[in-house]
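Please walk through the fold shown below. Begin with the whole chain, then turn to single residues.

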Amino acid sequence: MTTLDEALAELPVIAIIRAAEARHLDAALETLAGSGVRAMEVTMPTPGATEAIRRATGLAGVAVGAGTVLDAASARKAVDAGAGFLITPAVLPEVIAEGRRLGVPILPGAFTPTEIVQAWSQGAAMVKVFPAGAAGGPGYIKDVRAPLPQIPLVPTGGIGIEDVPAYLKAGARAVGMGSPLLGDACADGDMTALAARARRLVDLVGEREG
């Protein structure tokens, strides 16, 4: 299976799949993978999340993880299904410890520099800065990285496709993207539009790296 680090080396974006129903999950994951997105998290409150994670582990060149992991039991359930990484919305010591025990990267959510350092000191592989847009956008990431350059930050929340290059320029290890990328694909099944947004994202990142 592709690791998270390998996936982010290809495209420094984690697609966040959150849905009210399960029927379009597989198609969304396959469409993202086919359009060049290499890291995806399926949020645990999504119906059928673990089953979708299990099936998505068969996608070539893709790292699939679980998001909105709130307790150790959910962490174990996700990893048993094949999740290669775990993401939380806050600094949750129980989940961080369980992720480390299970041997998978854990990305806790944090907002302030104090929370970011706490997450890192407890064993986070990277720290999700959430909600990044409300925190101040790329400028906030740049300011936090000045005294804490050793901590890989993954801003998430309120990030549009066109915003991604600015976050990467500010020093983000990667960005997490939900509805601006997924749109209504998991509700209405419009995979053509999803593929177009994903390709635009891939092109933007490629232009920056080029």
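How far apart are the mean positions of the positive and negative charges of the protein? They lie 3 Å apart, for 18 positive and 22 negative charges. Lys and Arg count as positive, Asp and Glu as negative; His and the chain ends are not counted. Each charge is placed at NZ of Lys, CZ of Arg, CG of Asp or CD of Glu.

This is a predicted model, in which local features need pLDDT of at least 70 and side-chain atom pairs pLDDT 80 or more, while totals for chains, interfaces and linings use all residues. Residues are numbered from 1 along each chain as its sequence is written, and side-chain values use heavy atoms, without hydrogens and water.

Now the overall build. The protein has twelve helices and nine strands. Its radius of gyration is 16 Å, close to the 17 Å of the globule rule for 210 residues, so the protein is as compact as a globular protein of that length. The radius is taken over C-alpha atoms, and the rule is 2.2 Å times the number of residues to the power 0.38. Along the principal axes, the C-alpha atoms fill a box of roughly 45 × 40 × 25 Å.

Of the 210 residues, 51% count as buried. Buried means under 20% relative accessible area, exposed over 50%, and partly exposed in between (1.4 Å probe, protein chains only). Among contacts with a separation of 6 or more, 58% join residues 24 or more positions apart. A contact means heavy atoms within 4.5 Å.

Look next at Glu-41. This residue sits in strand E2, residues 39-43. Helices (H or I, at least four residues) and strands (E, at least two) are DSSP runs, numbered from the N terminus. Glu-41 is buried yet has no salt bridge. Such a bridge puts a side-chain nitrogen of Lys or Arg within 4 Å of a carboxyl oxygen of Asp or Glu. The nearest side chain of opposite charge, Lys-128, is 5.4 Å away. Beyond four places in sequence, Glu-41 has contacts that include Ile-14, Gly-65 and Phe-85.

Move on to Val-144, in helix H8 (residues 138-145). Why does Val-144 count as buried? Because its relative accessibility is 5%. Beyond its neighbours within four places in sequence, Val-144 touches Pro-113, Ile-116 and Leu-153.

Finish at Gly-183, in the loop between helix H10 (179-182) and helix H11 (185-188). At 35% relative accessibility, Gly-183 counts as partly exposed. Outside four places in sequence, its contacts are Gly-178 and Arg-197.
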